[in-house]
Amino acid sequence: MSLEKILTISGKPGLYELKTRTRSGFLAESLSDGKKISVGARHNVSLLSEIAIYTLTDEVPLRQVFTKIHEQEKGGPAISHKAPKIELEEYFFKVMPDYDEDRVYASDIKKIVQWYNLLQKNGHTQFLDTSEEE
């Protein structure tokens, strides 16, 4: 499963997999509990493939951040997103030593770690496209 079909919906916790388009929006399935919901055009929706993290030099796509976490954890789960702020920041610094601490907040790190753990738990561990790997 590529990140092009995984999305986050504003106001709704967790991640969702895009299932099908409907006349007024689309149908999505929660990765955490498997429930399907109908999402209308009024919701703010972001594809994980379109999200990037600020570094001191440029922006790094979220898929590359997930790949670095995956490599560091040897395919296992990351630190808990409920860990204290300082632990999350230290962990993220190990993964992305050049992330921009002024523009990447602790809440962003918390979401990234939570999303990674949810994807890892559901067996979604191939984050890079074949074109990016080459």
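Buried here means under 20% relative accessible area, and exposed means over 50%. Keep these two words in mind for the views below, which all come from a predicted model.

**View 1. The buried face of helix α2.** Helix α2 spans residues 85–95, and Leu88, Tyr91, Phe92 and Val95 are buried in it. Looking down the axis of α2, you find these buried residues within an arc of 95°, so they line one face of the helix. Here is a handy thing to remember: an α-helix has 3.6 residues a turn, so residues three or four places apart point the same way.

**View 2. The two sides of α2 and its neighbours.** On the buried side, residues of α2 pack against β6 (52–54), α1 (62–72) and α3 (106–121).

**View 3. Where α1 meets α2.** The two helix axes, of α1 and α2, come within 9 Å and cross at roughly 95°. From α1, the contact is made by Val65, Lys68, Ile69 and Gln72, while α2 brings Tyr91, Phe92, Lys94 and Val95. Sorted by class, this contact of α1 with α2 has 5 nonpolar, 1 polar and 2 charged residues.

**View 4. Lysine 74 in the loop.** Between α1 and α2 runs a loop, and lysine 74 has its place there. Its phi is near 55°, a positive value in a residue other than glycine. With a relative accessible area of 76%, lysine 74 is exposed, because exposed means over 50%.

Key: Residues are numbered from 1 along each chain as its sequence is written. This is a predicted model: local features need pLDDT of at least 70, side-chain atom pairs count only at pLDDT 80 or more; totals for chains, interfaces and linings use all residues. Side-chain values use heavy atoms; hydrogens and water are left out. Buried means under 20% relative accessible area, exposed over 50%, partly exposed in between (1.4 Å probe, protein chains only). Helices (H or I, at least four residues) and strands (E, at least two) are DSSP runs, numbered from the N terminus. The arc is that of the directions from the helix axis to the C-beta atoms. Contact means heavy atoms within 4.5 Å. Axes are lines fitted to C-alpha atoms, for helices over the stretch in contact, and angles run from 0 to 180 degrees between N-to-C directions. Ala, Val, Leu, Ile, Met, Phe, Trp, Tyr, Cys and Pro count as nonpolar, Asp, Glu, Lys and Arg as charged, and the others, Gly among them, as polar.
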